[in-house]
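Have a look at the model first.

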Amino acid sequence: MDAVFQQHYQAAERAYGLGDYTEAHALTTELWNQLESGSGEHDPSLVMGWRAVVSLLLGHIQLHGLHNPEEAASAYQWVLESEPDATLAALAEQGLGYCRSQSITSA
């Protein structure tokens with residue numbers, strides 16, 4: 001992806017880190033939409049890598065920032081479907097486990 005995409009991702013990470021979850025969610029959702037709409041224009045492995053990273057951030061925002069474990073679980077599942085490296089897969093599995101425990105607790 002290009003430098004502008006990377007800058008937007010860094011802005012989303014920064015917003016998440018600062019606790020501005022609404023802004024982080026908006027930026028990350030826009031990045032996801034860009035990946036989905038422009039995936040044919042870039043190297044598929046590059047798109048899959050970015051999809052995993054963006055989905056992981058989106059999952060964290062949904063889970064820890066917006067307290068929405070159902071939406072977070074979907075994002076973490078997208079990470080796993082992107083065939084990420086072992087570290088990203090482990091983080092997504094950890095997030096999914098936490099989402100499941102939140103669902104059980106609230107039920």
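Which residues in H2 meet which residues in H3? On the H2 side they are Tyr21, Ala24, His25, Thr28, Thr29, Leu31, Trp32, Leu35 and Glu36, and on the H3 side Val47, Trp50, Arg51, Val54, Ser55, Leu57, Leu58, Ile61, Gln62 and Gly65, with contact meaning heavy atoms within 4.5 Å.

Some ground rules: this is a predicted model, where local features need pLDDT of at least 70, side-chain atom pairs count only at pLDDT 80 or more, and totals for chains, interfaces and linings use all residues. Residues are numbered from 1 along each chain as its sequence is written, and side-chain values use heavy atoms, with hydrogens and water left out.

**H2 against H3**
- The axes of H2 and helix H3 (residues 44–65) come within 10 Å and cross at roughly 155°; axes are lines fitted to C-alpha atoms, for helices over the stretch in contact, and angles run from 0 to 180 degrees between N-to-C directions.
- That makes H2 roughly antiparallel to H3, a label for angles over 145 degrees.
- H2 passes H3 in a left-handed crossing, i.e. the near helix is turned anticlockwise from the far one by less than a right angle.
- Sorted by class, the H2–H3 contact has 11 nonpolar, 6 polar and 2 charged residues (Ala, Val, Leu, Ile, Met, Phe, Trp, Tyr, Cys and Pro count as nonpolar, Asp, Glu, Lys and Arg as charged, the others, Gly among them, as polar).

**H1 against H2**
- Helix H1 (residues 3–17) packs on helix H2 (residues 21–37) at an angle of about 150°, with the axes 8 Å apart.
- H1 and H2 are therefore roughly antiparallel to each other, and H1 passes H2 in a left-handed crossing.
- H1 brings Phe5, His8, Tyr9, Ala11, Ala12, Ala15 and Tyr16 to the contact, while residues from H2 include Leu27, Leu31 and Leu35.
- By class, this H1–H2 contact has 11 nonpolar, 3 polar and 1 charged residues.

**Aromatic rings**
- Searching the whole structure turns up 4 aromatic pairs (ring centres within 6.5 Å, using the six-membered ring of Trp).
- Trp32 and Trp78 have ring centres 4.6 Å apart and planes at 10°, so the pair is stacked, the term for planes under 30 degrees apart.
- Trp32 sits in helix H2 and Trp78 in helix H4 (residues 69–81), 46 residues apart.
- Trp32 counts as buried at 12% relative accessibility (buried is under 20%, with a 1.4 Å probe and protein chains only).
- Trp78 counts as partly exposed at 30%, a class that lies between 20% and 50%.
- Phe5, Tyr9 and Trp50 form one aromatic cluster.

Notes: Helix = DSSP H or I, 4+ residues; strand = E, 2+ residues; numbered from the N terminus. Parallel < 35°, antiparallel > 145°, perpendicular 65-115°, else oblique. Phe/Tyr/Trp six-rings, centres within 6.5 Å; stacked < 30°, edge-to-face > 60°.
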